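Work through the exercises below with the sequence and the model open. Each task is followed by a solution in steps.

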Amino acid sequence: MKIHIKNGRLVDPANGIDAQQDVYIAAGRIAAVAAAPEGFVANRVIDAAGLVVCPGLIDLSARLREPGFEYKATLESEMAAAAAGGVTSLACPPDTDPPLDEPGLVEMLKHRARHPNFAHVYPVGALTLGLAGERLTEMAELHEAGCIAFGQANMPVVDTQVLMRALQYAATFDYPVWLQAQDPFLGKDGVAHDGEVATRLGLSGMPVSAETIAIATILQLARDTGVRVHLTRISSAAALEMIAAARSSGIAVTCDVSINHLHLSDQDIGYFNPHAHLVPPLRAGRDRDALRRGLADGTINALCSDHTPVDDDAKQVPFSEAEPGATGLELLLPLTLKWAAEMRLPLGTALARITTDSARILGLPAGTLTVGAAADVCVFDPHGSLRVTRDKLKSQGKNTPFLGMELPGRVRYTLLDGHVAYESRP
Amino acid sequence: MLPDAERLCADLAESMRQGLHPDTALVGIHTGGVWVAGRLHAALGLKTPLGSIDVSFYRDDFSRSGLHPQPKTSDIPFAVEDRPIVIVDDVLYTGRTIRAAMNEIFDYGRPSRIDLAVLIDRGGRELPVCPRWAAQTMQIEPGKSLQLERGETGVLTLRLIDA
Amino acid sequence: MRNPQLDKNGGLQHLLTIDGLPRDVLTAILDTAAPFTEVAEREVKKLPLLRGKSVFNLFFESSTRTRTTFEIAAKRLSADVINLNISTSSTSKGETLLDTVDNLCAMQADMFVVRHAASGAPFLIAQHLAAMGLDHIHVINAGDGRHAHPTQGLLDMYTIRHYKKNFGNLVVAVVGDVLHSRVARSQIHALTTLGVPEVRVIGPKTLIPTEVEKLGVRVFHDMRAGLKDVDVVMMLRLQNERMQGALLPSPQEFFKYYGLTADKLECARPDAIVMHPGPMNRGVEIDSAVADGPHAVILPQVTFGIAVRMAVMSMLAGA
């Protein structure tokens with residue numbers, strides 16, 4: 001299958017390209033950019049006039065809900081959502097049921113994901129057995145089975161001695177560890193940022209210190225163990241400052257933020273909107289503003305969807321009882337574009353945060369349209385828009401605080417290994 | 001040309017003077033009926049204190065038009081049981097207000113009898129209600145509302161407005 | 001986003017919280033409550049306003065006292081009252097809150113009086129009714145989590161107005177466990193909306209919620225300083241489970257520093273009134289000498305509470 005994408009605006013941040021250039025694909029790889037290879041005859045020509053051609057998006061956190069939560073979502077539904085969102089690679093957290101704590105489960109997931117073949121799936125293995133924070137998993141075996149990193153999803157490691165040993169063990173093999181920073185005690189009951197909104201609504205507050213104390217612990221242990229640590233979904237300005245300081249003192253730490261925290265604050269809880277119940281909680285407006293700047297200047301390395309499809313039954317309950325999380329795979333690109341427009345950022349800078357920069361955290365040579373790279377491509381209409389409705393979302397989860405909003409950008413084609421995984425009419 | 005309300009009050013008191021039991025109590029219906037009852041109470045020299053009721057809580061159009069804003073407190077400063085009572089209102093029309101007033105009075109006790117005194121009977125009854133005393137009877141077309149008003153000096157006047 | 005408790009015309013569709021209600025709506029409720037107080041003195045303490053209507057007391061958290069006052073109010077309005085005490089165990093058997101609501105709607109409910117341990121639960125019900133197009137069914141929040149207890153806030157305002165006539169020149173202190181108190185939140189919103197120029201909250205830092213000053217109150221940790229020259233002292237109930245542990249060391253120490261005694265009450269104005277939403281913990285948040293003393297208006301609060309609830313039910317049912 002040879003594909004010629006012509007007349008498009010090619011944006012490839014890894015190579016610093018933002019220009020009208022054609023892309024030539026053959027044998028699942030990028031065969032050439034700009035000028036056609038000699039004797040290239042396309043089986044299919046995609047006219048991308050007026051469209052942006054960029055690397056397929058890489059999402060650092062997308063729950064596919066298998067195994068164990070098939071009533072919330074399935075691999076089929078969520079990988080279709082990924083393709084519709086222009087996402088070609090995704091990392092999935094280990095909080096399945098059972099958790100991804102043994103190689104068989106990881107192999108099964110990789111095997112199952114190969115069948116719909118709408119996206120490359122990179123499991124994050126459990127750092128501790130059952131995510132219980134007590135015993136280490138067989139990280140080396142899990143790594144061989146395909147885990148690209150180890151983490152705890154939203155589960156804490158309460159015992160810091162266990163945490164330290166887990167980090168030491170991971171550092172032994174130079175496996176990266178991805179952690180969501182939340183103090184298990186300060187974060188125990190809170191369902192909303194501890195501030196005016198939580199006070200007004202009578203919701204248990206989660207203080208910023210729940211995040212910063214956990215980050216302090218993680219950073220100290222990262223310094224001591226030399227592990228490569230990635231902090232997932234940071235939520236506060238204070239966290240951002242700590243990470244910047246740690247990095248300048250030489251600690252190997254990276255971090256990401258979710259699309260929800262990039263755009264929303266605790267004010268968006270409104271009248272107890274359960275879709276705004278997230279982990280970590282949506283914080284104050286000044287925190288959100290700091291995160292937006294931090295992502296722009298690169299202090300925050302990448303943007304992720306933190307895709308968490310939740311069934312209606314688990315959301316149609318009072319706010320504090322609602323299962324946290326929001327669907328996001330299909331919103332990653334529109335919310336990146338919205339952020340870029342509001343921050344007046346060059347398109348290349350913005351797209352880097354969901355392509356080449358996230359690839360670097362995954363440790364993969366993806367997220368670029370360099371000649372020879374896998375032909376994972378996203379072609380989107382920057383002037384189109386997505387109205388977020390239950391009907392439009394391909395994800396089985398219809399839960400998002402952006403429901404009802406009109407967002408910029410519309411994916412037209414998603415190519416995975418040189419095959420069209422998704423296309424929509426103009 | 002509408003009749004003079006003060007004149008009607010005096011006429012009404014005169015016509016009621018005969019045949020009132022000494023224990024009779026007057027109960028005015030808010031707001032106009034209370035003013036008229038006040039005039040009657042003074043003119044007739046009744047010793048039972050004057051009562052007043054607001055029938056908002058007993059109106060039969062509640063489920064249609066809701067609670068009237070700012071209802072007044074009903075005040076029945078005497079024992080209702082076995083007492084003759086005269087309900088006083090300014091204008092008698094459909095009879096629904098009188099029905100509501102009787103219902104309310106019965107929630108205070110069982111009176112020995114209830115009579116009705118009004119300044120004007122404007123016709124248009126929708127319930128079997130008949131006043132024992134009416135100072136004047138006149139036909140007024142359904143689209144209009146006849147209202148009793150009290151000026152700054154306390155003088156009562158009648159006014160016809162579009163309903 | 002429209003306030004879900006108001007209808008398209010700005011009228012009251014549900015009573016869920018005082019936060020965000022316009023001042024004239026609050027005043028209208030208090031004005032309407034006044035004539036209802038007189039009904040209690042009649043031979044027949046019953047009005048026909050809710051005749052033929054079904055009021056469901058939907059209590060997911062037990063509270064004999066609040067349920068009883070709502071029951072009396074509804075019965076005095078001639079409604080059919082059905083009490084449902086739904087323990088959390090029965091809902092954990094699979095039926096959700098909204099399943100329960102749907103079932104009761106199918107039984108021709110006209111009004112739900114909802115008490116729930118989770119903040120926002122009555123909003124969920126109101127939003128569900130709106131989504132189902134059941135605009136004729138009204139919801140009254142009888143206390144949700146830490147969020148709101150609007151009828152308690154209103155009856156407190158009725159009581160204050162009864163004794164102090166105007167709100168415009170008062171200093172009011174809310175004392176005790178503000179953090180966990182839905183009553184305190186409703187009181188604070190009502191007081192600030194009705195124009196009380198100075199609202200204070202008094203308590204130890206463990207019981208004062210974060211950024212509470214953004215609700216328009218001044219925070220005091222010293223009770224005597226906080227009570228200085230106040231016209232109204234509103235005591236809060238301290239739940240048993242908060243008395244010992246990480247929030248407070250002991251009920252004795254709490255009483256010593258934050259319990260209302262005659263001695264501390266002397267800091268307030270001589271004509272100050274003392275209120276409590278009940279049930280009281282004598283000797284923990286309030287001394288018996290004060291609870292039974294000349295400043296206390298705690299029992300009138302209960303009486304006014306029935307009239308206020310009758311007024312709210314009548315205004316909603318007629319809407």
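**Exercise 1.** Which are the buried residues of α7(C)?

Solution. The model is predicted, and a residue is called buried if 20 or more other C-beta atoms lie within 10 Å of its own.
- Step 1: locate the helix. α7 of chain C covers residues 182–193, which is 12 residues.
- Step 2: apply the cut-off along the helix. The buried residues are Arg182(C), Val183(C), Ala184(C), Arg185(C), Ser186(C), Gln187(C), Ile188(C), His189(C), Ala190(C), Leu191(C) and Thr193(C).
- Step 3: Of the 12 residues of α7(C), 11 are buried, so by the same cut-off the helix is mostly covered.

**Exercise 2.** Find what the buried residues of α7(C) pack against, then check the span of the helix and the backbone after its end.

Solution. 
- Step 1: list the neighbours. In chain C, the helices are α1 (23–39) and α6 (150–164). The strands are β4 (138–144), β5 (171–175), β6 (198–202) and β8 (232–235).
- Step 2: compare spans. From first C-alpha to last, α7(C) reaches 17 Å, close to the 16 Å expected at 1.5 Å a residue.
- Step 3: look just past the helix. Gly195(C) has a positive phi there, about 90°.

**Exercise 3.** Determine how strand β1 of chain A pairs with β4(A) and with β6(A).

Solution. 
- Step 1: take β6(A), residues 44–47. Its pairing with β1(A) is parallel, over 4 bridges. Here His4(A) has Val45(A) as its bridge partner.

**Exercise 4.** Which residues touch the most other members of the largest nonpolar core?

Solution. 
- Step 1: name them. In this core of 295 residues they are Val177(A), Leu119(B), Val175(C) and Val233(C). Helix α12 of chain C, residues 298–317, supplies the largest share of the core, with 12 residues.
- Step 2: follow one of them. Leaving out residues up to four places away in sequence, Val233(C) touches Ala173(C), Val175(C), Leu227(C), Leu260(C), Ala268(C), Ala272(C), Val274(C) and Met275(C).

**Exercise 5.** Sort out the contacts between chains, then describe the annotated part of chain A.

Solution. 
- Step 1: check chains A and B. No contact joins them, and their closest C-alpha atoms lie 28 Å apart.
- Step 2: read the record. An unreviewed UniProt entry annotates residues 51–236 of chain A as "domain: Dihydroorotase catalytic". Over this stretch the chain is 35% helix and 18% strand, with its end C-alpha atoms 35 Å apart.

Terms used:
Residues numbered from 1 in each chain as written. Chains lettered and ligands numbered in written order. Predicted model: local features only at pLDDT ≥ 70, side-chain atom pairs only at ≥ 80, totals over all residues. Pairing = 2+ DSSP bridges. Helix = DSSP H or I, 4+ residues; strand = E, 2+ residues; numbered from the N terminus. Expected span 1.5 Å × (residues − 1). Contact = placed C-beta atoms within 7 Å. Core = buried A, V, L, I, M, F, W, Y, C linked by C-beta atoms within 7 Å. UniProt positions renumbered as here; feature names shortened; annotations may be inferred.
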